[in-house]
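The exercises below are meant for a reader who is meeting this structure for the first time. Work through each task with the model in view before reading its solution.

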Amino acid sequence: MHNNQDKKEVSYYPEITKFIEAQIKSNFKSKGANINVYWEIGELKTKLKKIIEEHPLECKCAINLANKVPPLSLDIFGLVTNGIQFKIIILEIKKRNSVGLSEWSQLLGYTMVADASYGLLINVDSGASQRLTDILTFEKDLSKIQRVKQEKNEITEHLLGFMEWNSLTKNFEYSNLGELHSISALTDKLYCYFEN
């Protein structure tokens with residue numbers, strides 16, 4: 001039997017995505033709505049096109065993003081769609097004693113370049129550094145980024161959060177850090193988007 005200390009962060013990808021997907025789908029089902037979630041690991045542009053090719057009826061709404069997004073290597077991304085609209089979730093998974101501002105900055109950059117609405121920084125079996133905790137506690141606008149897209153003069157919003165994954169309980173321990181402080185907060189945002 002392997003000790004969790006020896007496991008690499010990539011080995012936690014399946015259980016984390018499975019948990020998040022189950023929570024999202026359960027939330028939508030309880031409200032009488034239906035969505036699909038498709039996960040991929042690695043380069044966004046290529047893998048997004050792959051999802052669309054494999055599920056054209058459900059995912060063709062994301063083709064414009066797949067065509068314009070630059071190549072970008074990600075830990076995990078999810079395409080959430082009802083077949084008409086979609087949202088992208090980025091998961092940055094780490095397995096460190098603590099994660100700090102550099103990991104948060106990486107997530108923020110990836111989220112903006114990918115034009116993703118949601119980004120989660122997840123540390124396996126450990127929390128955030130005191131510095132990052134203080135920053136996210138007192139600088140709330142660092143987890144709710146709004147930017148104006150000049151070509152359409154529209155506002156795009158990127159919501160971020162930090163969570164700790166407990167590899168023994170296979171569940172999240174919430175830190176209340178960021179706009180997406182829990183999976184429930186994420187699913188509520190998704191539900192509001194798809195139902196409007």
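**Exercise 1.** Does Phe194 count as buried or exposed, and at what relative accessibility?

*Solution.* The model is a predicted one, in which local features need pLDDT of at least 70 and side-chain atom pairs count only at pLDDT 80 or more, while totals for chains, interfaces and linings use all residues. Residues are numbered from 1 along each chain as its sequence is written, and side-chain values use heavy atoms, with hydrogens and water left out. Buried means under 20% relative accessible area, exposed means over 50%, and partly exposed lies in between, with a 1.4 Å probe and protein chains only. Phe194 has a relative accessibility of 6%, so it counts as buried. Phe28, with a relative accessible area of 1%, is buried too.

**Exercise 2.** Find how many aromatic pairs the whole structure holds, and describe the pair of Phe28 and Phe194.

*Solution.* Rings of Phe, Tyr and Trp (its six-membered ring) pair if their centres lie within 6.5 Å; planes under 30 degrees apart count as stacked, over 60 as edge-to-face and the rest as tilted. A search of the whole structure gives 7 aromatic pairs. In one of them, the ring centres of Phe28 and Phe194 are 6.0 Å apart and the planes stand at 70°, so this pair is edge-to-face. Phe28 belongs to helix α1 (residues 13–30) and Phe194 to helix α7 (residues 183–195), so the pair ties together parts that lie 166 residues apart in sequence. Helices (H or I, at least four residues) and strands (E, at least two) are DSSP runs, numbered from the N terminus.

A further edge-to-face pair is made by Trp165 and Phe172, at 4.8 Å centre to centre and with 75° between the planes. Both Trp165 and Phe172 are buried, and together with Phe19 and Tyr174 they form one aromatic cluster.

**Exercise 3.** Which residues of helix α2 are buried, and where do they lie around its axis?

*Solution.* Within α2 (residues 44–54), the buried residues are Leu44, Lys45, Leu48, Ile51 and Ile52. They cover an arc of only 125° around the axis (the arc being that of the directions from the helix axis to the C-beta atoms), which puts them on the same side of α2. On the face turned away from this buried side are the exposed residues Thr46 and Glu53. The buried residues of α2 pack against β1 (36–43), α3 (56–59), α4 (63–68), β2 (73–81) and β3 (86–94). At the start of α2, a side-chain oxygen of Glu43 comes to within 2.9 Å of the backbone nitrogen of Lys45.

**Exercise 4.** Which residues does Thr156 touch, not counting residues up to four places away in sequence?

*Solution.* Thr156 is part of strand β6 (residues 154–166), and its relative accessibility of 11% makes it count as buried. With contact meaning heavy atoms within 4.5 Å, and leaving out residues up to four places away in sequence, Thr156 touches Asp115, Ile145, Gln146, Arg147 and Lys149.

**Exercise 5.** How many helices and strands does the chain have, and in what pattern do they follow one another?

*Solution.* The secondary structure comes to 7 helices and 7 strands, and along the sequence these follow the pattern α-β-α-α-α-β-β-α-β-α-β-β-β-α. Of the 196 residues of the chain, 49% count as buried. Among the contacts in the chain with a separation of 6 or more, 65% are between residues 24 or more positions apart.

Note on methods: A polar contact is a pair of N or O atoms within 3.5 Å; within protein, one must be able to donate a hydrogen and the other to accept it, and residues adjacent in sequence count only if both atoms are side-chain atoms.
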